[in-house]
Amino acid sequence: MSEFKSDFLNVLSERGFIHQISDPNGLDALCAKETVTAYIGFDCTAPSLHAGSLVPIMMLHWFQKTGHRPIALMGGGTTRVGDPSGKDESRKILTEEAIEQNKAGIKKVFEKLLNFGDGPGDALMLDNAEWLLKLNYIEFLRDIGRHFSVNQMIQRDSVRLRLEREQHLSFLEFNYMLLQGYDYLELFRRTGCRLQMGGSDQWGNILSGTDLVRRVAETEAFALTSPLLTTASGAKMGKTAAGAVWLNEEQLSAYDYWQYWRNTEDADVERFLKLFTVLPMAEISRLAALEGSEINEAKKILATEATALIHGREKSEAAAETARRAFEEGQSAEGLPTVEVSRTELEAGIGVLSAFVTAGLCASNGDVRRNIKGGAVKVNDRGEQNDKRQLSLDDVTGDGVIKLSLGKKKHVLLKPV
């Protein structure tokens with residue numbers, strides 16, 4: 001028996017997207033009755049979003065798939081202030097040029113998961129710089145600021161946790177909650193938006209917006225958050241020892257992206273199939289039932305399907321084939337990630353520690369040493385036990401590269417140029 005009447009909330013519920021809803025029955029009734037408009041905001045703090053951002057993007061995807069209109073709101077204005085949620089210190093202030101460059105980068109991923117256009121269910125992409133940069137401060141304080149209680153604001157997690165830890169919270173950041181609330185009101189006025197979604201760390205900010213819409217527009221607005229994800233071992237979603245798992249190919253190759261999902265822990269496979277693929281639930285249940293070595297097949301399907309959403313089916317299947325050839329046939333497979341090194345530098349000799357750090361396989365020299373002791377380091381498919389080993393042109397194979405491997409799954413080619 002369905003928990004909800006609306007397709008949207010049923011899909012989100014069965015796939016594990018729901019953490020909190022401000023008024024579950026009210027939102028369910030609204031989504032079952034009419035086409036609803038909802039938004040999620042994305043600040044422009046980096047040139048690409050990362051895998052941790054996929055949960056909110058997939059929420060917008062399913063919102064549209066179930067007959068509603070999503071808005072991807074670019075934070076061209078709020079990025080200039082900085083959201084204190086989940087942060088221990090103030091965000092670095094970016095230049096206008098950097099914000100614009102970042103915004104251009106993060107826009108790319110939405111076109112792969114949302115259908116934009118002028119129809120009633122077509123997605124919109126807006127930028128809060130359009131209205132925030134035009135605000136008159138005195139008018140804003142008078143018309144908007146009077147609806148916010150400082151008593152309530154300091155109880156919101158984004159503010160309270162910083163104050164409890166006695167960490168600096170600037171007045172600039174304190175204003176973020178007002179600006180995000182004003183975004184909601186402005187989107188309601190422009191588009192009839194009745195729902196804001198986001199991660200659970202945004203709950204307080206979103207509730208401030210629902211309250212502002214109710215007070216100023218005398219209309220009920222809704223909040224829905226997803227759980228903040230960590231892996232089964234407690235690692236933050238979208239982060240690895242080598243850095244963030246970026247969604248744009250300029251920051252991370254399709255192959256490395258495929259590998260990230262292929263390396264999913266056993267306990268996370270079913271959850272990640274629900275969240276990060278569009279496979280039917282029946283197929284996910286079948287894959288989740290696999291045990292022992294068969295679960296590796298489920299991981300490969302997860303990697304291929306998740307990569308296809310972001311990089312396209314062709315690049316995803318090419319990454320899967322490259323991995324198969326590299327791991328199952330032991331080939332120095334064409335298509336593996338490649339890092340160029342100076343031929344002159346290689347003639348003089350490159351330390352194996354430096355090589356593995358440069359290739360992004362290890363975070364530090366000490367990390368390489370630990371992996372050497374653990375038997376995880378290979379050069380051209382041969383185990384390496386000497387942490388003082390110097391790689392040279394003699395190590396270049398007939399393919400014109402040196403193959404570096406960390407364990408069975410991570411490979412990078414050093415190519416002299």
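**Notebook: rings, cores and a sheet**

I started with the aromatic rings and found that ring pairs link Tyr257, Tyr260, Trp261, Phe272 and Phe276 into a cluster. For my notes, rings of Phe, Tyr and Trp (its six-membered ring) pair if their centres lie within 6.5 Å; planes under 30 degrees apart count as stacked, over 60 as edge-to-face and the rest as tilted.

Before going on, I noted that this is a predicted model, where local features need pLDDT of at least 70, side-chain atom pairs count only at pLDDT 80 or more, and totals for chains, interfaces and linings use all residues. Residues are numbered from 1 along each chain as its sequence is written, and side-chain values use heavy atoms, leaving out hydrogens and water.

**Ring pairs**

By the ring rule I get nine aromatic pairs. Tyr257 and Trp261 have ring centres 6.1 Å apart and planes at 70°, so I call them edge-to-face. Both lie in helix α13 (residues 254–262), four residues apart, about one turn of the helix. Helices (H or I, at least four residues) and strands (E, at least two) are DSSP runs, numbered from the N terminus. Tyr260 and Trp261 are also edge-to-face, because their centres are 5.0 Å apart and their planes stand at 80°.

Are these residues buried or exposed? Tyr260 is buried at 15% relative accessible area, and Trp261 is buried at 0%. Buried means under 20% relative accessible area, exposed over 50%, partly exposed in between (1.4 Å probe, protein chains only).

**Cores**

Next I looked up nonpolar cores, meaning sets of buried Ala, Val, Leu, Ile, Met, Phe, Trp, Tyr and Cys residues joined through side-chain atoms within 4.5 Å. The largest has 70 residues, and Met197, Leu224 and Trp261 touch the most other members. Helix α3 (residues 54–65) gives the largest share of this core, eight residues. Apart from that core lies another, of 26 residues, including Leu132 and Phe148. I recalled that nonpolar side chains tend to be buried together in soluble globular proteins.

**Cysteines**

How many disulfides does a search of the whole structure find? I found zero, taking a disulfide as a pair of cysteine sulfur atoms within 2.5 Å. The sulfur of Cys193 is too far for a bond, because the closest cysteine sulfur, in Cys31, is 11 Å away.

**A sheet**

Last, I traced an open sheet of five strands with mixed pairing, in the order β9-β15-β14-β11-β12. Its edge strands, β9 (338–341) and β12 (382–383), each pair on one side only. Strands pair if DSSP finds at least two bridges between them; β9 and β15 (residues 410–416) have four, in the parallel sense.
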